[in-house]
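Subject: Handing over a structure

Hi there,

My notes on it follow.

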Amino acid sequence: MAGTACTVAFWVLTVGAILIPSAVVALKVFGTPVVTAGTGEEAIVIPLPWAYVLLVAVAAFAYLATSALIFRLLLRIVATLRVGDPFHPLNVRRLHQIGAAFASVTLGVWVGQFLVARFVRGAMAAPSLFDLITPSFAVVIIVVIAEVFREGARLRRESELTI
């Protein structure tokens, strides 16, 4: 079941990483995306510059592609579980990569929100450093689990050498 969920998530994110940024760029190429400030007769319509469109496309691609990478690594870990080899030495590296990917997505989202709050007045509130506490704990937990897997792999090697 976990393998199926990871596979579905991986493919949805992979397709999204291709289609969503493409749609954002296509919107600029074939139309004129605008931001509307205000309502009614006093509304101001501002066409979006290429830089904003490209920023959104790159951010969407980076977020979705990194999330897809996490699920791809989880799929490989699940594959080792299926064959009865959860403490495979490569799982330690995979867990470290998942932690690094999760940290980069979290930091990227935080920086993106900070920049939008800073340069697009009124779009959103600036994120605080407290927004990074829970994701930071998640990264630490992933790294600790990776080290548990490292110890499990070491113990398995030792038991294989014991006759």
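**Salt bridges and a pocket**

Let me begin with Arg156, which counts as partly exposed at 24% relative accessibility. (Buried means under 20% relative accessible area, exposed over 50%, and partly exposed in between, with a 1.4 Å probe and protein chains only.)

Before going further, please note that this is a predicted model, where local features need pLDDT of at least 70 and side-chain atom pairs count only at pLDDT 80 or more, while totals for chains, interfaces and linings use all residues. Residues are numbered from 1 along each chain as its sequence is written, and side-chain values use heavy atoms, with hydrogens and water left out.

The structure holds 5 salt bridges, each being a side-chain nitrogen of Lys or Arg within 4 Å of a carboxyl oxygen of Asp or Glu. In one of them, the side chain of Arg156 meets that of Asp85, at 1.9 Å from N to O. Arg156 lies in helix H4 (residues 133-161) and Asp85 in the loop between helix H2 (50-82) and helix H3 (89-119), so this pair ties together parts that are 71 residues apart in sequence. (Helices, H or I with at least four residues, and strands, E with at least two, are DSSP runs numbered from the N terminus.) Asp85 itself counts as buried, at 18% relative accessibility.

Arg156 also forms a salt bridge with Glu160, at 3.6 Å from N to O. Both residues lie in helix H4, 4 residues apart, about one turn of the helix. Glu160 is exposed, with a relative accessible area of 54%. Through shared partners, salt bridges join Asp85, Arg156 and Glu160 into one network.

Now for the largest pocket, which holds about 810 Å³ of space. A pocket here is an open set of points on a 1 Å grid over the protein atoms alone, where a 1.4 Å probe fits, with protein on both sides within 12 Å along at least five of seven lines; lining residues have an atom within 4 Å of a point. Its volume is the space filled by probe spheres set on the points, which are joined across faces, edges and corners.

Which residues lie nearest the centre of the largest pocket? They are Leu55, Val56, Ala59, Gly112 and Val116, out of 27 lining residues. H2 gives the largest share of the lining, 10 residues. By class, the lining has 23 nonpolar, 4 polar and no charged residues. (Ala, Val, Leu, Ile, Met, Phe, Trp, Tyr, Cys and Pro count as nonpolar, Asp, Glu, Lys and Arg as charged, and the others, Gly among them, as polar.)

Best wishes
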